[in-house]
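Trainee: I am new to this structure. Can we go through it in short steps?

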Amino acid sequence: MSDITSSEDGFTRTAGRQLALFFLMAIGGVAALMWVLSIAASLTSSGTTTSQAVDAETGTVTIAFTTEPPQLDSTLATDMQSGMVLGHVMEGLLTYDANNEIAPGVAERWEIGENDATFWLREDARWSDGETVTAHDFVFAWRTALDPKRASEYAFILYPIKNAEAVNTGKLPLDALGAQAVDDRTLTVQFERPLAYFDKLVAFTTYLPVRQDFFENTDGKYGADADKLLYNGPFMMTSWVHGASLRMDKNPHYWNRDKVKLNTINVGYITPDPNARLNLFKDNNIALSGLTAENLPSALENRWQIHRFVDGSVFFIEFNHREDRVTRNLNLRKAMLLAQDSAELVYKVTKIPGYLPGASLFPTWLMGVDKPLREEYPANLPRMDLELARRHLDLAKRELGVDQIPPLTFLTGDNPISNIQSEYFQAVFKKNLGLDVKIDKQIFKQRLAKMTSGDFDLVLAGWGPDYNDPLTFGDLFASWNLNNRGRYANPELDRQVRIAQSSLDPKTRMDAFGQIQQILIDDAVIIPNYERGSVYVTHPHVKGVLRRVIGADVDYTRAWIDTGA
Amino acid sequence: MWRYTLKRLIQGVITVWFIATATFFAMHNVPGDPLANDKAVTEEIRANLEAKYGLDRPIGEQYAIYMKNLVRGDFGISFTQQNREVNDIIKEHFPISATLGILAVIFAALGGVLWGALTALYRNKLPDIIIMFLVILGISVPSFVFAGLGQLALVNLNDLLGQSILPVAGWGTVSHMLVPSLVLGLGTMAYLTRLMRSSMLEVISADYIRTAKAKGLPATRIFTRHQLRNAILPVITVLGPAIAAITTGGFVVEMVFAIPGLGRYFVQAVQQLDYTVIMGTTVFYGAFLVFMVIVVDLVYGLVDPRVRLE
């Protein structure tokens, strides 16, 4: 017996040695394979190069993106990431300065009259191939954006220009657009109606210039790659490896190049995972990273430079005001508005740092005549009052002729914050009003489809600004606005929107916004939830990074590196 | 052999056609509007958008056009990345996913075979118990946990050493590939270890092993030629689907390690109802899977001469 065991042990030992040999061979084989792969990878060079977050010698700052821009054709761009890149590599007639005030861009001088505007372009504005930026480039860009065949989703932002809507809907030819290049350096624009905020509109992405000859040489792929785009901004894109990296170098032809301190903005990583970005920041690979509620304590512990930022968007519950919906009943809407508290939502439920409790459709950062709009026209949203809420609910039941309000359909997105938010409101309305709320969770595209067709009672919605004027929020609930998905219609609100659109007197316009704000509260059109914010950390050596609610965010155009700090 | 290969290839083409057709009709019946976006657009622009992507035609005609383009290998232009061809997306990003996937499979296969053999050799002893415990972990813990932990470990390692030994994320050099591919291959490695162990145990007690020992064959020869070679067959069987699964299933790992692979496009396309990218990636991955299964069947015949390809 012992003999057999010892021979078994001997076999095991020999076989084990053989196995160990195989292990070593495997490791060697894998190492050799990886070496071959590394050569192959360096030949195709499709990827990131590992570098420090901040390189003072070369003037390079490395950052990460959450997603990459879908493409960089300014006439088609709709998203924030495209806005960020285009804000660095392009420049419009006008732009925003460090204090978010309108500043000269390609136009050195401009005059905005009641029904028209004239822009005088600077002589030294250049494209990245050295040619002059002319008035024709703007006219071409605007016509391209309005071309019905191109079906640009943001064409509507050009509608204040004379005939723009008719051109966009194919009723008039492209050259009927009310914008002309008088000569290379003079651009005139006619308006559809008197327009007080055209200076802010022309700072928007869709208004950026496009040069015709270059555009037509890209074979329908304008903006799809780094070499398929011509630049006139402080930076120019020198490489774009899709999904992996994007590099912006200082543009030597930019007229204001002396003000640009950084040589290179290197987008070295693209990942939607916030923890991955924070890990990159920890490892000194990127210069800026957002923080989530969970990793805020560790950031505090590490004594990083933590900043707060309200990103400009407001979020709210929108009611469906269509005929066949119970939410058309004012008392029901009032009851629900009075039965909840946005401060509780923000501070006790979502608990995401940087968020502000919602009180109005108009966010706190919008400017009024001299001071912030919300200071000049405070939003007197009623406080949570359960007794009053229940009285409104009883009235609603009587008006609707029911003993119990039928279950309400609450349409939401399928992201984590929407889940928390919708479940919170479901519980609140049940507890405080005895209302049954059914959550209808949908993916982005289906939520939009249902919002448009009106297949909801309540929907979690949000709105972000396009230009720095309260009208970017103010006309949302106008009866003709396609984004008014609950189909709220109120002639008095429409009248105020028209005043705000066409009046040239700041005080009259702000009064109108004040009125709109009050109507939205009195009519309980929406339940304001919060103003979205964020908390982020930056590398101590990077200075002058701007966060913007409008335009390129994050803005590195004025940033510099200071290793002394 | 050649007739067999041809037969399998024809079957493969039919399978891919079926995948393409099923995906096409399933996709068009998924609720949601592929052209909807944050900002509502007017009827006119909507109509122009539909015309641009051919969505204004009847579904049968769309299918016919789609199939015609598919035969020519043209998947069309992405809905979300409006100026980019789906072919370019696959061409640029699949090699990255494939590199990552193949490395992961190599790790998984080598690790699985070696650990499996080791556990069988030392069954019910300490190495067996430890490895089998780790195997249970590897099978039950999802890859995003390992990805997150792996990355955190890298950050802490670099922090501890005061310099970047291995990059935390990104792509381009071998040092970028090492940890993500290990993480990606971990689940499969655990599964293969178990498979190899049970297969090996079966072989060890087989009659021909006893005969070999009785004949006095050297231990190394018995172990490598008779035990390992026979035990490895089931592992090869599952390797084909595993290669396809790993190569296509790296989405989470790609996301965490900021790797520009195809997985990200695959998943985002479904979320965004980007019809052309959904079709392109699904058909491509489907064809890839079918191809891998055929390849494995052919390789099987090479490894085991007893298998006749008929």
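Trainee: How far apart do the C-alpha centres of domain 1 of chain A and domain 3 of chain A lie?

Mentor: This is a predicted model, where local features need pLDDT of at least 70, side-chain atom pairs count only at pLDDT 80 or more, and totals for chains, interfaces and linings use all residues. Residues are numbered from 1 along each chain as its sequence is written, chains are lettered from A in the order written, and side-chain values use heavy atoms, without hydrogens and water. Domain bounds come from an automatic or database domain assignment: domain 1 is 28–68 + 233–311 + 533–561, and domain 3 is 314–531. Their C-alpha centres lie apart by 37 Å.

Trainee: What area is buried between domain 1 of chain A and domain 3 of chain A?

Mentor: Buried area is the accessible area (1.4 Å probe) that two parts lose on being put together, summed over both. Carbon and sulfur atoms give 70% of it here. The total is about 870 Å².

Trainee: Is A:T206 buried or exposed?

Mentor: Buried means under 20% relative accessible area, exposed over 50% (1.4 Å probe, protein chains only). A:T206 has 0%, so the residue is buried.
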